[in-house]
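User: I have a structure here and want to go through it with you. Can you take my questions as they come?

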Amino acid sequence: MFFAACVSLSLVVPLLALVPVPIWTQPEQVHLSYPGEPGSMVVTWTTFSKAESKVEYGLLGGRLFEMTVGGKYTLFVDSGEEKRKMFIHRVTLTDLKPAAVYVYHCGSDDGWSDVFSFTALNDSTSFSPRFALYGDLGNENPQSLARLQKETQLGMYDVILHIGDFAYDMHEDNARIGDEFMRQIQSIAAYVPYMTSPGNHESTYWNLGSAHIVSISTEVYFYLEFGLELLFKQYEWLKKDLEEANKPENRAARPWIITMGHRPMYCSDDDQDDCTKFDSYVRLGRNDTKPPAPGLEDLFYRHGVDLELWAHEHTYERLWPVYGDKVYNGSKEQPYQNPKAPVHIITGSAGCREKTDLFNPNPRDWSAFRSTDYGYTRMQVVNTSHIYLEQVSDDQYGNVIDSIWVVKEKHGSSAWS
Ligand SMILES: *[C@@H]1O[C@H](CO)[C@@H](O)[C@H](O)[C@H]1NC(C)=O
Ligand SMILES: *[C@@H]1O[C@H](CO)[C@@H](O)[C@H](O)[C@H]1NC(C)=O
Ligand SMILES: *[C@@H]1O[C@H](CO)[C@@H](O)[C@H](O)[C@H]1NC(C)=O
Ligand SMILES: *[C@@H]1O[C@H](CO)[C@@H](O)[C@H](O)[C@H]1NC(C)=O
Ligand SMILES: [Fe+2]
């Protein structure tokens, strides 16, 4: 039938119309993110033809799709040579009941997604959110992906933190690699907020349970061609954000300050990355720019950042509390109990085509535990004094190969002395 229609059309329209152009209004690459406002959730998806942006949703057990909310799309034109076009749809749901389960689909009358569900985040400061976190997860050889999909669907996590480096690379094959990666992670990201730390130039924060979590770009220290002002803008933004988070009433409600950024300040890998150098750019800044660019270690230390999460190195490494290249254990027996400096975790081994990295055989004394297994980290912000972290090895079929409790009776820069 289709062929016959084409033939008859071709009698009256020019030859070009013979090439069928598929209509792509079917939603794909559905993912959630938490914009930080209690009771809200953002649903994002892609279509390749123009279509409306709607989410239909309702409480689990209630009438399906009883509520509808509209949003917006933006046209994204890939900068590859095909200049592929796609429509990125974003809809914000508000007034969600804390801890309630919602069932939803997204799209428009030109095509709906599958049906998904999520649990609205509990906005109480005594909520103990559970995270899976990692960086460097690719489209090719995404080794930990299946385990993460299953664990997410089992309800083990409230939020996922992806600390930079997605897909390898989002832009390859005219962004088709990115599309395929976003399809792969839909089975995680359509169910729980999938929060990222960019390889580009956004910084953002959000509050969850007793934690204030800040996501930064470390790339501004490296891609100076995008403009040094991004680096300074982020630094000023961070300073303001950390000052605000340190106001007594804010720090009392959310005493944990956790940062996530892609390239670490410290690492003991055997490559020539920034973190292998004593004077890493992220840590100490750059003096080959005009004006010189301040690093982040002092800023974070001065504002009493408790925990710093990094990736980029394709390994897992846990550090003793460290500042200025020196170890500041809480005590020799209990290094993470009232530590006298921030705690750093590097978790960049979720799975990527470059394989895991090698370690330097002689690490410095801040290096506490290292593994080259593929895997990811779990974290629970239990309460105002306790955070639990553990490392899952995918190579060892999900075994936990490392774990710590960080315990702090006191937060803020005064906790260091
Ligand atoms: C949110 O979490 C707190 C702390 O665990 C709990 O007491 C409260 O009942 C939860 N809220 C809802 C709506 O489940
Ligand atoms: C500039 O920074 C480099 C390391 O990035 C350091 O070795 C050098 O001593 C610094 N120079 C000055 C003048 O501070
Ligand atoms: C920090 O604590 C660990 C674990 O007890 C210990 O091995 C290390 O030597 C300590 N470092 C310093 C500088 O005290
Ligand atoms: C925080 O959680 C830890 C670990 O579960 C527990 O031992 C401690 O009593 C809790 N503290 C408060 C203030 O609830
Ligand atoms: Fe990276």
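Domains, sheet and ligand shells

User: What domains is the protein divided into?
Analyst: The protein is divided into domain 1, residues 28-119, and domain 2, residues 130-416. Keep in mind that this is a predicted model.

User: How many Å separate the centres of the two domains?
Analyst: The centres of domain 1 and domain 2, taken over C-alpha atoms, are separated by 28 Å. In the contact between them, domain 1 takes part with 16 residues and domain 2 with 18 residues.

User: Which elements give two or more residues on the domain 1 side?
Analyst: On the side of domain 1 that touches domain 2, those elements are strand 1 (28-33) and strand 9 (116-119). Strand 1 gives the most, with 6 residues.

User: And how do the residues on that side divide by class?
Analyst: The side of domain 1 that touches domain 2 has 6 nonpolar, 6 polar and 4 charged residues.

User: What about strand 26, parallel or antiparallel to strand 10?
Analyst: Strand 26 (residues 375-381) and strand 10 run antiparallel, joined by 4 bridges. One pair to look at there is Arg130, with Gln380 in strand 26 as its bridge partner.

User: New topic, ligands. Which residues are around ligand 1?
Analyst: Ligand 1 has Pro98, Ala99, Asn122, Ser124, Ser126 and Phe127 around it. By class, this shell has 3 nonpolar and 3 polar residues, and no charged residues.

User: And which residues are around ligand 3?
Analyst: Around ligand 3 are Trp320, Val327, Asn329, Lys332, Pro335 and Asp365. The shell around ligand 3 divides into 3 nonpolar, 1 polar and 2 charged residues.

User: What is phi of Lys83?
Analyst: Phi of Lys83 is near 50 degrees, which is a positive value in a residue other than glycine. Lys83 lies in the loop between strand 5 (72-77) and strand 6 (85-93).

User: Is Lys83 buried or exposed, and why?
Analyst: Lys83 counts as exposed because 9 other C-beta atoms lie within 10 Å, and the cut-off for exposed is 12 or fewer.

User: And what is phi of Lys355?
Analyst: Phi of Lys355 is near 70 degrees, also a positive value in a residue other than glycine. Lys355 lies in the loop between strand 24 (343-347) and strand 25 (367-371). Lys355 counts as partly exposed because 13 other C-beta atoms lie within 10 Å.

User: One last residue. Where is Leu307?
Analyst: Leu307 is in strand 20 (residues 307-310).

User: Why does Leu307 count as buried?
Analyst: Leu307 counts as buried because it has 22 C-beta neighbours inside 10 Å, and the cut-off is 20 or more.

User: What does Leu307 touch, leaving out residues up to four places away in sequence?
Analyst: With those not counted, Leu307 touches Ile258, Pro342, Val343, Ile387 and Val406.

User: And how many Å apart are Leu307 and Phe232?
Analyst: Leu307 and Phe232 are 23 Å apart in space, C-alpha to C-alpha, and 75 residues apart in sequence.

Key:
Residues numbered from 1 in each chain as written. Chains lettered and ligands numbered in written order. Predicted model: local features only at pLDDT ≥ 70, side-chain atom pairs only at ≥ 80, totals over all residues. Domains from an automatic or database assignment. Contact = placed C-beta atoms within 7 Å. Nonpolar A, V, L, I, M, F, W, Y, C, P; charged D, E, K, R; others polar. Near = placed C-beta within 6 Å. Pairing = 2+ DSSP bridges.
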